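Here is a guided walk through one protein model. Keep the sequence and the 3D view side by side as you read.

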Amino acid sequence: KYTAKHILIAVGGVPVFPKGEGIEEYAISSDGFFELEELPRKAVVVGAGYIAVELAGVLQALGTDTKLVVRKGQALRHFDEILRDTLDEEMQRQGIEIYRNTDGVEKIE
């Protein structure tokens, strides 16, 4: 039995690939990131949540030419506006190119 004023249950999540030609064949999930044996020269991270933002930042910091693809106008769009805007500016300053308002990825060739 646990007691506390606040209890956070972090259930984790299972990555879900969108439907589309070549997506499951050529993409890896955030789980697959930790299985990479070599640092890629280039990477495209698809997603606007904190895991996508974190992985894009790590890859860029390690020297990978990194692009971030978001369906809407910004990553972390449900977070605090100041945090979201500052993060957006910093990602670009660090060299991450952000593709906005894409409605996601339809296929990978």
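Is Lys-67 buried or exposed? Lys-67 is buried, because its relative accessible area is 19% and the cut-off for buried is under 20%. Keep in mind that this model is predicted.

Three strands form an open sheet. Their order is β1-β2-β3, and the pairing is parallel. Strands β1 (42-46) and β3 (97-99) stand at the edges. Each of these two has a single partner strand, so one side of each is left without a neighbour in the sheet. On average, neighbouring strands are turned by 20 degrees against each other, direction ignored.

Look at one pairing in detail. Strand β2 covers residues 65-69. It pairs with β1 in the parallel sense, over five bridges. Where does Val-44 find its bridge partner in β2? The partner is Lys-67.

Now turn to charge. Side chains of opposite charge can pair when their charged atoms come close. How many salt bridges does the model hold? The count comes to five. One of them joins Glu-97 to Lys-67, with the closest N and O atoms 3.3 Å apart. Glu-97 belongs to strand β3 and Lys-67 to strand β2, so this pair ties together parts that are 30 residues apart in sequence. Glu-97 is partly exposed, because its relative accessible area is 37%.

A second salt bridge brings together the side chains of Arg-100 and Asp-88, at 2.9 Å from N to O. This pair links distant parts of the chain. Arg-100 sits in the segment after β3. How covered are they? Arg-100 counts as partly exposed, at 30% relative accessibility. Asp-88 is buried, with a relative accessible area of 9%.

Another salt bridge is made by the side chains of Glu-109 and Lys-107, at 3.1 Å from N to O. Glu-109 counts as exposed because its relative accessibility is 76%. Lys-107 is partly exposed, with a relative accessible area of 45%. Salt bridges can also share partners: in this way Asp-65, Lys-67 and Glu-97 are joined into one network.

Next come the aromatic rings. A pair of such rings is described by the distance of the centres and the angle of the planes. The structure holds one aromatic pair. It is formed by Phe-33 and Phe-34, whose ring centres are 5.0 Å apart. Their planes stand at 85 degrees, so the pair is edge-to-face. Which of these rings belongs to a buried residue? Phe-33 counts as buried, at 17% relative accessibility. Phe-34 is exposed, with a relative accessible area of 66%.

Tyr-50 lies in helix α3, which covers residues 50-61. At 56% relative accessibility, Tyr-50 counts as exposed, because the cut-off for exposed is over 50%.

Conventions
Residues numbered from 1 in each chain as written. Predicted model: local features only at pLDDT ≥ 70, side-chain atom pairs only at ≥ 80, totals over all residues. Heavy atoms only, no water. Helix = DSSP H or I, 4+ residues; strand = E, 2+ residues; numbered from the N terminus. Buried < 20%, exposed > 50% of the residue type's maximum accessible area, 1.4 Å probe, protein only. Phe/Tyr/Trp six-rings, centres within 6.5 Å; stacked < 30°, edge-to-face > 60°. Pairing = 2+ DSSP bridges. Axes fitted to C-alpha atoms, helices over the stretch in contact; angles between N-to-C directions. Salt bridge = Lys/Arg side-chain N within 4 Å of Asp/Glu carboxyl O.
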